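Visitor: I am new to this structure and would like to be walked through it. Could we begin with its pocket and then turn to its helices?

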Amino acid sequence: MSESMSLEYAPDRAEELKENIESVQAEIDQAASGSGSKPQLVAISKIKPASDIKALYDAGYRHFGENYIQEMVDKAAVLPDDIKWHFVGSLQSNKSKLAASVPNLHVLETLSSIKVADLLQKSIPEDRSNKLNVYIQINTSNEESKSGLPSLSSSSPAAETENNEKKNELVDLAIHIIEKCDKLNLLGLMTIGSIDSSHDSASSTNPDFENLKSTRKQLSKILIEKGIKNAPNEEELELSMGMSADFVQAVKEGSNSVRVGTRIFGERAKKVPKAAPN
């Protein structure tokens with residue numbers, strides 16, 4: 001077993017991780033106080049060793065997220081099978097079968113195409129005990145560097161015309177999941193906020209979070225108007241928004257799930273580029 005897949009951890013590291021995650025959870029609880037909601041904390045463990053996850057597992061935590069599909073597959077193979085994995089990275093269509101092979105993949109948070117939905121539907125084993133939850137990823141900041149479908153929020157006439165086809169993709173994808181993919185469960189919507197909005201401490205609201213909430217409301221309305229059977233209503237559609245820099249604001253604005261990595265596990269080592277051949 002490689003060092004990164006070993007489940008042995010030092011007591012000092014376990015205590016550090018436990019203190020970190022308890023601090024984050026306390027901030028979530030405080031932000032959610034009075035709302036009656038209990039947002040789910042997902043510990044994003046990408047590039048961190050499996051032993052870190054095992055330390056938090058032994059402390060009682062179960063929801064963990066990964067950005068790279070092979071890393072999640074490898075960790076899932078050595079860690080307890082009651083962990084609820086969240087895949088939060090971009091899923092290429094040729095990796096859909098690999099993702100579907102993880103029996104305790106709890107949520108795929110980055111679905112954005114009918115093609116990948118169909119591949120997941122085809123690849124999920126018949127003996128899987130429950131449906132695979134999916135979030136549709138929304139690019140609320142309209143950044144070219146980000147994955148996801150455009151939101152349904154209002155925009156300028158020019159932008160509205162340009163994005164109409166993409167916006168229809170969101171509605172079509174939601175309907176396709178509900179009607180054609182009986183092994184998938186449309187759990188909600190997910191976004192990654194822009195860096196500027198996530199670090200804007202002067203604003204009382206985050207435009208990306210407001211955008212996602214508006215999109216949820218409009219999507220629910222459209223599904224009702226179209227008479228889609230078994231479509232989730234607005235309250236049933238979860239929102240996955242908020243990361244290390246902005247999870248408190250996300251909780252205040254109604255997030256059901258926040259994804260926190262560096263606040264729990266610490267900074268990740270930067271990948272060193274390979275030296276050019278002589």
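**Pocket and helix contact**

Visitor: What volume does the largest pocket have?
Guide: Please keep in mind that this is a predicted model. For the largest pocket, the computed volume is about 540 Å³.

Visitor: Which elements give two or more residues to the lining of the largest pocket?
Guide: The lining is made up of 21 residues, and those that lie nearest the centre are K46, I192, M243, S244 and R268. Elements that contribute two or more residues to this lining are α7 (195-198) and β8 (257-260).

Visitor: How many residues of the lining of the largest pocket are charged?
Guide: The lining residues fall into eight nonpolar and seven polar ones, and the charged ones number six.

Visitor: Where is K46 found?
Guide: An unreviewed UniProt entry annotates K46 as "modified residue: N6-(pyridoxal phosphate)lysine". Leaving out residues up to four places away in sequence, K46 touches G65, E66, N67, Y68, E71, K75 and R268. Its place in the chain is the loop between β1 (40-44) and α2.

Visitor: At roughly what angle do the axes of helix α1 and helix α2 cross?
Guide: Two packed helices are described by the distance between their axes and by the angle between them. The axes of α1 (residues 11-32) and α2 (residues 50-58) come within 9 Å, and they cross at roughly 65°.

Visitor: Which residues of α2 make the contact with α1?
Guide: The crossing of α1 past α2 is right-handed. On the α1 side the contact is made by R13, A14, L17, K18 and I21, and on the α2 side by D52, A55 and L56.

Key. Residues are numbered from 1 along each chain as its sequence is written. This is a predicted model: local features need pLDDT of at least 70, side-chain atom pairs count only at pLDDT 80 or more; totals for chains, interfaces and linings use all residues. Side-chain values use heavy atoms; hydrogens and water are left out. Axes are lines fitted to C-alpha atoms, for helices over the stretch in contact, and angles run from 0 to 180 degrees between N-to-C directions. Helices (H or I, at least four residues) and strands (E, at least two) are DSSP runs, numbered from the N terminus. A crossing is left-handed if the near helix is turned anticlockwise from the far one by less than a right angle, and right-handed if clockwise. Contact means heavy atoms within 4.5 Å. On a 1 Å grid over the protein atoms alone, a cavity is a set of points where a 1.4 Å probe fits but cannot get out, and a pocket is an open set with protein on both sides within 12 Å along at least five of seven lines; lining residues have an atom within 4 Å of a point. Grid points are joined across faces, edges and corners, and a volume is the space filled by probe spheres set on the points. Ala, Val, Leu, Ile, Met, Phe, Trp, Tyr, Cys and Pro count as nonpolar, Asp, Glu, Lys and Arg as charged, and the others, Gly among them, as polar. UniProt positions are given in the numbering used here, feature names are shortened, and annotations may be inferred rather than shown by experiment.
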